[in-house]
Structures are given as C-alpha cells and as structure tokens.
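The sequence and structure come first.

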Amino acid sequence: MAKEATLTWFAAARFSRLIDADMPGEIAAEPAGCARERHAEREIMLALAGEPGFVLAGKCFAALPGTVFFIDRWQAHQLDYPVGTEPCCHLWIHLHDRELLAGEIAVLADGGRQSHGIARLPAELLTVLNRRWEQAAGIAPEKRREVYAGMVRLLCDELDLLRLAPGAVDAPGELSTAVAHYIAVHYGRRASLAELEKFTGYNRYHLMRVFKRDKGVTIGEYINQVRRGATAKAVAQGLRQKEIAMQLGFGSVAAFWLWQERDRRRRQARTVPECRRERSGYLEA
C-alpha cells in the first residue's frame, strides 16, 4: 500500500453487469492454467479496467469494465491471476466474519501484479450486505439483480466517501493493521517479506518490528494463524488437500503437510510447562 493511499473514484452507474454463479457463462474457453479456490468468506469483485476472463462456478465470463461478480460462500472461483492474464484492474470486497475489507489489484503489462491498498469499510455495511445477499437467494434473476444493484450503490457511496476522506496510513497501528488485512484476504498467499515490502512501501525490518510491537506476534506467526483457521474451515467443508494447499499458497500437497506438521510441533512446544521445557530440551519458536 502506498504511504499516501488513494482510492479510485466509484460511481454506481458504471457497474451495470451483475453476475453470480447461477448465470450462464459467456466464454467457451477459460484462462490457461486457471486454478480454483473455495472459502467460507463471501466476495464481490468489481472490474475497473481490462477485459480478462474470470471463472466462477465452472463457467467463464468476460470481466469487462463495469462488471460485478458476486461470489457466495464456498463457491468455486478463479484463484489469483494466471500467467498470461491481460492487464486489468479489479476491486475486491471481502466479507469476513467481523470485517468488511476492500482491496484493489492491478495486473501489469509485464505480467507483474500490484496491490494498491486494503481499506476497512464500516461494520454496519457488512451487516447490510450480508442481509441483502440472503434476501437475494432463491428469488427470480431479475429481482436478484435489483438487490445486487442496491448493494453496489451502497458500496460505491462508501468507497467515494473514503476517497474524499482517506485515513492516515501512518497513524499508530495502521501499518500493522494493513499488513494483517493483506495477509487475511490472501489466506497467507503472496505474503513473503518481499511482497509485503512492495505492498506497504516499507522495508522488512521496519515491518517486522512494528508488526510484533502492535500485534504481539511475528508476521510469520500471524500467517500461520490465518492458514490454520482457513484450513480448519476447509477441512470441515470437505475440501481436498490439494485445493486447500493451493489456496494457502503452497506449491504442493507435500509442502502443505510439512507446514501442518511443523505448526503442530511449534504449538505443542509452547504448551509444555517451563520446567519440562528446560528438562526436555524444548526451544522457544
């Protein structure tokens, strides 16, 4: 996130193509190398620029500017942006348990990717959006689009207010909160120190020191917490190990298993009483 964060101007009239998993696909071939993810959090994606394909519920759609995708809980959809994705800019709205987060992602001409910031929207808006989403379920498509259009208007109004009165990203705790939000919405993917340096504009040593001071845990420990929570929900939902591994940013199932084993051992070590830890040779993680 840039130190002087800015938000793109949003006008609800721009967003007229409203798409969910029940609508027929538009493109015969999906993007090459496209992986899928499913998770417990709802998401809304607003296409701002570019015309890449986007996969939702096994169907491919044109993510033209002005398109809004409504992705319900546990619906399979495109994971990240495959190699070869044409340049584009999308705004992602993440409806988490207690927080409503908005983050803008741009795919560049050279294939690189930039995250332009994570904004926290009011909790009361999260409640309204979830309620309207529930109301839209099971009604006729035309009526459902009317509900979606109302949700988009609410979002655009709030985003425009943020543009007019952005928060101070250098305020105490804001940097650490931005990093925590970035990690949460990506489920631990793309959260290396190098990626976090690009996202925040700060060097890794400053990030590590400030995050530990503000959050009480290291960045690595926080990533493990996020992955642990996502894994528990995904296993309870019956997702395959390979699918979970990809969503959390692991290159293989073996790497995912190794992380689980190491994480289990670290947590076991922390539960050993101090006297036993000294006798048995445990080291603090």
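## Terms and basis

Axes are lines fitted to C-alpha atoms, for helices over the stretch in contact, and angles run from 0 to 180 degrees between N-to-C directions. Helices (H or I, at least four residues) and strands (E, at least two) are DSSP runs numbered from the N terminus.

This is a predicted model, in which local features need pLDDT of at least 70 and side-chain atom pairs count only at pLDDT 80 or more, while totals for chains, interfaces and linings use all residues. Residues are numbered from 1 along each chain as its sequence is written, and side-chain values use heavy atoms, with hydrogens and water left out.

## Overall content

The chain has nine helices and 10 strands. Of its 285 residues, 47% count as buried (under 20% relative accessible area, with a 1.4 Å probe and protein chains only). Among contacts (heavy atoms within 4.5 Å) with a separation of 6 or more, 64% join residues 24 or more positions apart.

## Helix 3 and helix 4

The axes of helix 3 (residues 174-185) and helix 4 (residues 193-200) come within 11 Å and cross at roughly 125°. The two helices are therefore oblique to each other; angles under 35 degrees count as roughly parallel, over 145 as roughly antiparallel, 65 to 115 as roughly perpendicular and the rest as oblique. Their crossing is right-handed, a term for the near helix being turned clockwise from the far one by less than a right angle.

Helix 3 contributes L175, A178, V179 and Y182 to the contact, and helix 4 contributes E195, L196, F199 and T200.

## Nonpolar cores

A nonpolar core is a set of buried Ala, Val, Leu, Ile, Met, Phe, Trp, Tyr and Cys residues joined through side-chain atoms within 4.5 Å. The largest one has 29 residues, of which I44, F70 and I93 touch the most other members. Elements giving two or more residues to this core include strand 3 (42-49), strand 6 (67-71), strand 8 (88-95) and helix 1 (123-136). Helix 2 supplies the largest share, eight residues.

Apart from this core lies another, of 21 residues, among them L101, A180, Y182 and L207.

Leaving aside neighbours within four places in sequence, I44 is in contact with V68, F69, F70, L91, W92, I93, L95, W133, M151 and L155.

## Q247

Q247 lies in helix 7 (residues 241-247). Is Q247 buried or exposed? Its relative accessible area is 5%, so Q247 is buried. Beyond neighbours within four places in sequence, Q247 is in contact with E37, R38, H39, L79, H186, Y187 and R189.

Notes:
Buried < 20%, exposed > 50% of the residue type's maximum accessible area, 1.4 Å probe, protein only.
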